Amino acid sequence: MEEQFVEFSVPKSENIVVVLDASESAEQFWPTIVDLAKKIFQNTPAGIEKKLFFLSNPQEYNIDNFEENVGSWRKNNNKKGSFISPILNQITQATIVVIGSGIIYDLEDWKIHPSFQNIVFINVGNSMRGNVELGTEIEKDDFDDQLLQLHNRILSVKITGLDFFPYYWDNPGYSIIDEDGISLISSNLEDYSIKIAAYGRNITATMEKTEKQEVNSLSHTGTHTPDIIQIIEHNNIKWEKLERDEMETFRKHIVSDIIRCPDPSCENEITGLLRCDNPKHGKLLGFPIYPSLKNYKGFVIFKDNSQGVFFKHYPSEIVKIDEEKVARSKKSKATVLHYEPNMKKWVEQDDLKPYHPLKGGYYVSLI
Amino acid sequence: MSLLSDDLITVVTDEKTHFPLLKIEKIGFLTLWPITKVQYETFITQVNNYGDSWYNEILASNPRISFQHFSKRNYERLFITGLHIGEVQSFAKWFGDGYQIPTVKEWRNIYKIISEDDFFSCPSDISYPAKKIWKKFTRFSNSPSQFSLMKDGIIEWVRDGEKYAGLGAPRSHFYPNVLDPCKDLVTKIKQNERLYYFGFRLFKGMNDD
């Protein structure tokens, strides 16, 4: 069954940076440049921050004084050539729109920069990009369509695909839903970008936008198949160490057939969650087996090695536990599912044991 | 034997463009490489005195290559060439007090010192483009004089008394005449001629502030 990393990336911010070309090569088109800039400013919804720059100049200009001052601003920027670096050097996340004509000499310096792949060049005369493949260049006649796109905010995103079953994603704003197969959904996020490790093919992200719906095909990132241990080791969550007595409990538990509460006066059997539900503890949510993990919820990974026993939170509701086998947490319970090729679907198998071994001394548990 | 002890040349960072600068004890400061187009572009964007048509004329003879994509075959295109001496001097004035085109004697003296020196250490505060160039030149060059582009670089403007001339030892595919910079000097330069093989680096003597 196909397994891959896919990535969906969109600009995080709701800022629009408008860059005007006041250089010699755009001189004859200046009235059009000013008109298009005004259209953008007038049609940008409240709540979206607008910024104004001129090519070759890192200084930000005040849009409130645009009409009165734009003529003198042009003169101040007319003999500086056509360079984008002074602006891109200081912008991290924004929708950038450049309005102008004639080659921008240093565009190639930014070609490999992932943050600037969404720049829109509105060409009012001659190409600004030339042969450099960065962003999108449109003619001024397509400006009105593009304007709608610029202000076309994402309302929600749904990621799904054929036999789609994600088992790691790095944006906690997404959650799983079970409707005609498995999907990841999110809404009202500031940043919809997400990296996913998943089973499945033909994975798409459907964006509900203020203007219309858009579907993006998500392609593989990287050349290798996701490896669950690599995912655990290389995500941004730090390992923490169990206390000495907790370590003893852990090492005793993983070799026992029956897992018991470590409280000597209890010894209740633990079957699913790593919490003891014996009412004698007087804990509504159950007595935590590991005090170090009392504030955790969801999947936790343990790693046992010569330096001790370490743990870290696993950020997704589903974790891969074996080839074509995953565990999914739902309402304080984790269920093991496997892919049934004859039925072409994921089928529930058993409940997840308190400590499920992964390869190489790693264990997954539900807290 | 080295003309100078090991610690007499250090690499520092220039304050205007954040490119590497050689600090040679008791002698002065010299830009490690000829001035690049990226550096000259920083100047253009700050002075509002050079338009697109002017820059197109400059690029026509030695086209721009990005520091992201240059190779051993074409690195000469990184450097700004074809400038008139007045355009070089404007840049020098902007670059910093006391910087100017080196004299023939200064250039040759430093060339000898560098030829005898060890490889340089990269300062941590140079700009991103300078870092990329440094990394690639480390792979391309076998000696400090090659790394500094005093050898296998371009012809560079130098002062020869009241006149200007050129020094350097470019690769033959860039400039076909074989030159020994310790003996040969490129002279008879027509005024207002834009020479694609002529670039420059800047020097400031220790007491030139």
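In strand β5 of chain B, G166(B) is the bridge partner of W157(B). The model is a predicted one, in which local features require pLDDT of at least 70 and side-chain atom pairs pLDDT 80 or more, while totals for chains, interfaces and linings use all residues. Residues are numbered from 1 along each chain as its sequence is written, and chains are lettered from A and ligands numbered from 1 in the order in which they are written.

Helices (H or I, at least four residues) and strands (E, at least two) are DSSP runs numbered from the N terminus. Strands are taken to pair if DSSP finds at least two bridges between them. By this criterion β4(B) and β5(B) are antiparallel, with five bridges. Two residues separate the strands of this hairpin. There, G161(B) adopts a positive phi near 65°. β4(B) also pairs with β6(B), residues 198–199. That pairing is parallel and has two bridges. Within β6(B), G199(B) is the bridge partner of E156(B).

Helix α4 of chain B spans residues 104–115. Its twelve residues reach 16 Å from the first C-alpha to the last. This is close to the expected 16 Å, the expected span being 1.5 Å times one less than the number of residues. A residue is buried if 20 or more other C-beta atoms lie within 10 Å of its own, exposed if 12 or fewer, and partly exposed in between, with C-beta atoms placed from the backbone. Buried positions in α4(B) are W107(B), I110(B), Y111(B), I113(B) and I114(B). Viewed down the helix axis, the buried residues of α4(B) fall within an arc of 165°, so they line one face of the helix. The arc is that of the directions from the helix axis to the C-beta atoms. An α-helix has 3.6 residues a turn, so residues three or four places apart point the same way. The cover over the buried residues of α4(B) includes β2 (20–24), β3 (28–31), α6 (144–147), β4 (155–160) and β5 (163–167) of chain B.

K23(B) belongs to strand β2 of chain B. K23(B) counts as partly exposed because it has 15 C-beta neighbours inside 10 Å. Its C-alpha atom is 9.5 Å from that of T13(B), ten residues away along the chain. Two residues are in contact if their C-beta atoms, placed from the backbone, lie within 7 Å. Leaving aside neighbours within four places in sequence, K23(B) contacts T10(B), V12(B) and F29(B).

Chain B as a whole has six helices and seven strands. From the N terminus, the order is β-β-β-α-α-α-α-α-α-β-β-β-β. Of its 209 residues, 41% are buried. Chain A has six helices and 22 strands. Of its 367 residues, 34% are buried. Among contacts between residues at least 6 apart in sequence, 67% in chain B join residues at least 24 apart. The corresponding figure in chain A is 62%.

A nonpolar core is a set of buried Ala, Val, Leu, Ile, Met, Phe, Trp, Tyr and Cys residues joined through C-beta atoms within 7 Å. The largest has 86 residues. V18(A), V19(A), V97(A), V98(A) and I99(A) touch the most other members. Beyond four places in sequence, V18(A) contacts A37(A), I40(A), K50(A), L52(A), V97(A) and I99(A). Another core, of 54 residues, lies apart from it and includes L273(A), L274(A), L293(A) and L337(A).
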